[in-house]
Amino acid sequence: MFDQPRTVLLAGASGDLARAIGAEIVRRYPDIALLTLSRAAVDRVPGHAGERRHLTVSLADEHSIQSVEAFLSEFSSPPDWVINCCGLLHDKFHGPEKSLAQCEDDWLVQSMRINLLTHLHLAQALDRKLLRKQPLLWVSLSAKVGSIGDNELGGWYSYRISKASLNMLIKNLSIEWGRRLESSCVVAVHPGTTDTVLSKPFQGNLAPGKLYSPALSAGRIVDVVEQLAPADSGNLFFWDGSRLPW
Ligand SMILES: NC(=O)c1ccc[n+]([C@@H]2O[C@H](COP(=O)([O-])OP(=O)(O)OC[C@H]3O[C@@H](n4cnc5c(N)ncnc54)[C@H](OP(=O)(O)O)[C@@H]3O)[C@@H](O)[C@H]2O)c1
């Protein structure tokens with residue numbers, strides 16, 4: 001396990017799960033320094049006594065690498081925890097494809113931008129700031145449907161493909177940073193189906209009790225994060241702390 005965090009960086013911070021995770025972290029560590037990255041403004045969590053810094057940025061944009069790097073340079077050391085919540089399942093005109101016939105290049109590319117590149121760009125921005133002796137805990141919110149080993153239903157092409165790509169990024173990062181840093185843990189976490197704008201159109205077929213509130217999922221995710229150790233690096237975790245196949 002890692003020491004209690006002093007600084008947490010939360011990306012995609014205006015999202016429903018991200019806001020709940022921020023609130024949960026502040027509930028557990030009221031004096032934490034909380035850094036947020038988002039396209040939108042993000043309010044201070046009530047009861048937060050620690051430092052609060054925000055950068056308005058779209059991590060989908062390649063130029064975000066320089067902006068985030070400059071933002072991180074304002075601090076004497078990199079964050080202890082990084083939690084990236086960026087992700088996309090649908091927009092006004094697109095949703096998960098049921099069959100190959102519904103796949104469109106543009107939507108797949110957009111899914112890759114948000115589900116993969118937002119995480120790659122943040123990793124690139126952080127990369128040069130990392131210190132060999134400072135432990136790092138990195139969590140990307142991924143999805144169980146991005147697991148190739150777990151895929152028995154098919155469909156949801158763009159989301160599955162882009163989350164599977166994110167999972168490979170996490171594996172690669174765990175290897176590269178595992179070599180460079182004395183202590184690190186880089187993982188992907190599946191939050192469970194949570195009542196957010198992302199899942200809203202797809203909540204109809206869920207079994208009773210299988211839709212969780214953002215606060216409940218956030219508590220479970222932070223529980224998982226608090227239990228992580230360097231030996232866990234390079235894995236995809238379910239919200240209960242068990243491992244999912246890649
Ligand atoms: N909700 C679920 O049931 C569920 C299940 C499995 C996995 N997940 C994963 O959990 C994470 C958080 O999901 P959520 O339910 O909280 O969704 P959400 O409320 O839609 O938040 C997703 C965040 O992703 C970023 N994002 C979305 N579209 C973007 C775009 N076009 N350009 C740049 N950034 C964009 C946004 O960050 P900013 O606007 O703040 O920059 C947004 O706040 C996602 O990675 C999702 O795939 C969710």
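In this predicted model, a polar atom of the serine 111 side chain sits 2.8 Å from the backbone oxygen of tryptophan 107. That pair is a polar contact, meaning N or O atoms within 3.5 Å; within protein, one must be able to donate a hydrogen and the other to accept it, and residues adjacent in sequence count only if both atoms are side-chain atoms. Serine 111 belongs to helix H3; helices here are DSSP runs of H or I with at least four residues, strands are runs of E with at least two, and both are numbered from the N terminus. With 1% relative accessibility, serine 111 counts as buried, the label for anything under 20% relative accessible area, while exposed is over 50% and partly exposed is in between (1.4 Å probe, protein chains only). Leaving aside residues up to four places away in sequence, serine 111 touches Leu88, Leu116, Ser158 and Ser162, where a contact is heavy atoms within 4.5 Å. The C-alpha atoms of serine 111 and serine 162 are 6.1 Å apart, although 51 residues separate them in sequence.

A word on bookkeeping. Residues are numbered from 1 along each chain as its sequence is written. Since the model is predicted, local features need pLDDT of at least 70 and side-chain atom pairs count only at pLDDT 80 or more, whereas totals for chains, interfaces and linings use all residues, and side-chain values use heavy atoms, with hydrogens and water left out.

Next comes the ligand. It is surrounded by 28 residues, with Ser14, Ser38, Tyr159, Thr194 and Thr196 the closest; to be near it, a residue needs a heavy atom within 4 Å. On its own the ligand has 880 Å² of accessible area, and the protein covers 90% of that (Shrake-Rupley method, 1.4 Å probe; for residues, only the protein chains shown count as cover). Helix H1 (16-28), helix H3 (105-127) and helix H4 (157-180) are the elements that give two or more residues to the shell. By type, the shell splits into 11 nonpolar, 14 polar and 3 charged residues; Ala, Val, Leu, Ile, Met, Phe, Trp, Tyr, Cys and Pro count as nonpolar, Asp, Glu, Lys and Arg as charged, and the others, Gly among them, as polar.

Threonine 196, one of the closest shell residues, sits in the loop between strand S6 (184-189) and helix H5 (214-227). Threonine 196 is buried, at 8% relative accessibility. Beyond four places in sequence, threonine 196 touches Asp16, Leu17, Gln203 and Pro214. Glycine 15 is 181 residues from threonine 196 along the chain, yet their C-alpha atoms are separated by 8.2 Å. Glycine 15 lies in the loop between S1 and H1 and is partly exposed, at 27%.

Leucine 137, in strand S5, is buried at 2% relative accessibility. Among its contacts are Phe2, Asp80, Trp81, Cys185 and Val225, and its C-alpha is 6.2 Å from that of aspartate 80, 57 residues away along the chain. Valine 225, in helix H5, is likewise buried, with a relative accessible area of 1%, and touches Trp81, Leu137 and Val139 when residues up to four places away are set aside.

Most residues other than glycine have a negative phi. Tryptophan 156, not a glycine, has a positive phi of about 50°. Tryptophan 156 is in the loop between S5 and H4 and counts as partly exposed, at 28% relative accessibility.
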